[in-house]
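Here is a short report on one protein structure. Keep the sequence and the 3D view at hand as you read.

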Amino acid sequence: AGLALDEMTLERRALIEYYDKKFGKGMAYAYLYPAIIKALQASGRAIRKETDKAAIIFMDDRFSSYKKMLPDGVIETSNYINYVKNFFMHNAVNV
């Protein structure tokens, strides 16, 4: 999944300017954080029940720049295939 950055509209620019003046973090509060929140919300859709398990892969390179905004347990690797295989082998359910 990619980073869901909003279009840079007049409203978005106004929000960035407001948060810059108020907190000194306009781009983070009005542009980056909402994109990270959208990605995390979308990843949560894979899990609907307490017993559900899912491997979520953020493949956009920009996520590594914002790793500190992601939950604990996020693994950064270019060898994700082995992690996914191991995940499903250790979490296999008989159907």
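## Salt bridges

The count of salt bridges comes to 5. The model is a predicted one.

| Pair | N to O distance |
|---|---|
| Glu17 and Lys21 | 3.2 Å |
| Lys49 and Asp52 | 4.0 Å |
| Asp60 and Arg62 | 2.5 Å |

Salt bridges with shared partners also link Asp6, Arg12 and Lys38 into one network.

Start with Glu17 and Lys21. Both sit in helix α1, which covers residues 10-23. They are 4 residues apart, so about one helical turn separates them. Glu17 is partly exposed, because its relative accessibility is 45%. Lys21 has 67%, so Lys21 counts as exposed.

Now take Lys49 and Asp52. Lys49 is exposed, with a relative accessible area of 54%. Asp52 has 22% relative accessibility and is therefore partly exposed. Arg62, the partner of Asp60, is partly exposed too, at 36%.

## The core

Which residues make up the largest nonpolar core? There are 11: Leu3, Ile16, Ala30, Tyr31, Leu32, Ala35, Ile36, Ala39, Phe63, Tyr66 and Leu70. Helix α2 gives the most to this core, with 6 residues. Look at Leu32. Leaving out residues up to four places away in sequence, Leu32 touches Leu5, Met27 and Tyr66.

## A nonpolar patch on the surface

Ile57, Met59, Tyr80 and Ile81 make a nonpolar surface patch of about 350 Å². Met59 lies in the loop between α2 (26-44) and α3 (62-65). Is Met59 buried or exposed? Its relative accessibility is 51%, and exposed means over 50%, so Met59 counts as exposed.

How values were computed: Residues are numbered from 1 along each chain as its sequence is written. This is a predicted model: local features need pLDDT of at least 70, side-chain atom pairs count only at pLDDT 80 or more; totals for chains, interfaces and linings use all residues. Side-chain values use heavy atoms; hydrogens and water are left out. Patches are made of residues with over 30% relative accessible area and no salt bridge: like charges are joined within 9 Å, nonpolar side chains (Val, Leu, Ile, Met, Phe, Trp, Tyr) within 5 Å. Accessible areas come from the Shrake-Rupley method with a 1.4 Å probe; for residues, only the protein chains shown count as cover. A salt bridge is a side-chain nitrogen of Lys or Arg within 4 Å of a carboxyl oxygen of Asp or Glu. Helices (H or I, at least four residues) and strands (E, at least two) are DSSP runs, numbered from the N terminus. Buried means under 20% relative accessible area, exposed over 50%, partly exposed in between (1.4 Å probe, protein chains only). A nonpolar core is a set of buried Ala, Val, Leu, Ile, Met, Phe, Trp, Tyr and Cys residues joined through side-chain atoms within 4.5 Å. Contact means heavy atoms within 4.5 Å.
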